[in-house]
Amino acid sequence: MTASDCECPFCKGVIELRQKRLRLAECSLCGRPLAFARVTQNKAFVASLLDLAKVAMLPLVGGVTAAFALAYIDPQAYAGWIAGALLAWGVIDVWDGTAGLRTHVDRDPRGVLMEAEAWWRSIAKTVFGVTSTLLGSAGLLVVG
Ligand SMILES: [Zn+2]
């Protein structure tokens with residue numbers, strides 16, 4: 001690892017740090033979308049966009065649930081938000097899962113997985129993602 005390389009936050013692989021200041025790219029090892037923000041000449045902040053999207057969804061869903069609990073929004077609006085969240089989570093999981101099927105790299109809470117282990121987990125993610133995408137879409141159609 002040279003000074004101008006950085007670590008992929010998803011697969012922990014070493015990736016080359018490009019010259020541009022801010023850039024979106026796919027990790028060449030795990031295929032996940034990454035955002036790079038150069039801090040200094042040889043340092044950059046690298047974030048996994050799928051992780052950012054998942055984290056960003058939590059306060060949104062929490063906020064909508066709180067609004068519903070406090071009766072600020074009606075049940076139909078709440079169902080619409082939850083269906084939308086399911087749809088978004090589904091799309092994220094399908095993206096994550098298909099990237100894993102392509103690259104045979106995935107991870108679980110214990111760490112990075114490779115080959116067959118990663119492949120099976122990616123299949124599960126893809127199936128789960130497609131299911132929540134369909135449920136979310138169906139929910140939006142019913143509520144909408
Ligand atoms: Zn990676």
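This is a working chat about a predicted model of one protein chain.

Visitor: What should I know about numbering and confidence?
Guide: Residues are numbered from 1 along each chain as its sequence is written. The model is predicted, so local features need pLDDT of at least 70 and side-chain atom pairs count only at pLDDT 80 or more, while totals for chains, interfaces and linings use all residues.

Visitor: How many helices and strands are in the chain?
Guide: The protein chain has 3 helices and 7 strands. Helices (H or I, at least four residues) and strands (E, at least two) are DSSP runs, numbered from the N terminus. The pattern along the sequence is β-β-β-β-β-α-α-β-β-α.

Visitor: What box do the C-alpha atoms fill?
Guide: Roughly 55 × 35 × 25 Å, taken along the principal axes.

Visitor: Which domains does the assignment give?
Guide: Domain 1 covers 5-49 and domain 2 covers 50-143; these bounds come from an automatic or database domain assignment. Their C-alpha centres lie 24 Å apart. The contact takes 12 residues from domain 1 and 10 residues from domain 2, where contact means that C-beta atoms, placed from the backbone, lie within 7 Å.

Visitor: How do the residues on the domain 1 side divide?
Guide: On the side of domain 1 that touches domain 2 there are 8 nonpolar, 2 polar and 2 charged residues. Ala, Val, Leu, Ile, Met, Phe, Trp, Tyr, Cys and Pro count as nonpolar, Asp, Glu, Lys and Arg as charged, and the others, Gly among them, as polar.

Visitor: What about burial, how much of the chain is buried?
Guide: Of the 144 residues, 20% count as buried. The cut-offs are 20 or more other C-beta atoms within 10 Å for buried, 12 or fewer for exposed, and partly exposed in between, with C-beta atoms placed from the backbone.

Visitor: Which residues make up the largest nonpolar core?
Guide: The largest one has 9 residues: Phe10, Cys11, Ile15, Cys27, Cys30, Leu34, Ala99, Val105 and Ala118. It draws at least three residues from each of domain 1 and domain 2. A nonpolar core here is a set of buried Ala, Val, Leu, Ile, Met, Phe, Trp, Tyr and Cys residues joined through C-beta atoms within 7 Å.

Visitor: Pick Cys27. What does it touch?
Guide: Not counting residues up to four places away in sequence, Cys27 touches Cys8, Phe10, Cys11, Gly13, Ile15, Arg32 and Leu34.

Visitor: Helices next. Why does the span of α2 agree with its residue count?
Guide: Helix α2 (residues 75-103) has 29 residues, which at 1.5 Å a residue should span 42 Å, and its end C-alpha atoms are 42 Å apart. The expected span is 1.5 Å times one less than the number of residues.

Visitor: What do the buried residues of α2 pack against?
Guide: They pack against α1 (49-69), β6 and α3 (115-143). Among them are Trp81, Leu86, Ile92 and Asp96. The buried residues of α3 pack against α2, β6 and β7, and they include Ala118, Ser122 and Lys125.

Visitor: And β6, which strand does it pair with?
Guide: Strand β6 (residues 105-108) pairs with strand β7 (residues 111-114) in the antiparallel sense over 4 bridges; pairing requires that DSSP finds at least two bridges between the strands. The two form a hairpin with 2 residues between them. Val105 stands opposite Met114 in β7.

Visitor: What is phi of Lys12?
Guide: Near 65°, a positive value in a residue other than glycine. Lys12 is in the loop between β1 (5-7) and β2 (14-16), and Lys12 counts as partly exposed because it has 13 C-beta neighbours inside 10 Å.

Visitor: And phi of Glu115?
Guide: Glu115 has a positive phi of about 50° although it is not a glycine. Glu115 is in helix α3 and counts as exposed, with 10 C-beta neighbours inside 10 Å.

Technical notes
Contact = placed C-beta atoms within 7 Å.
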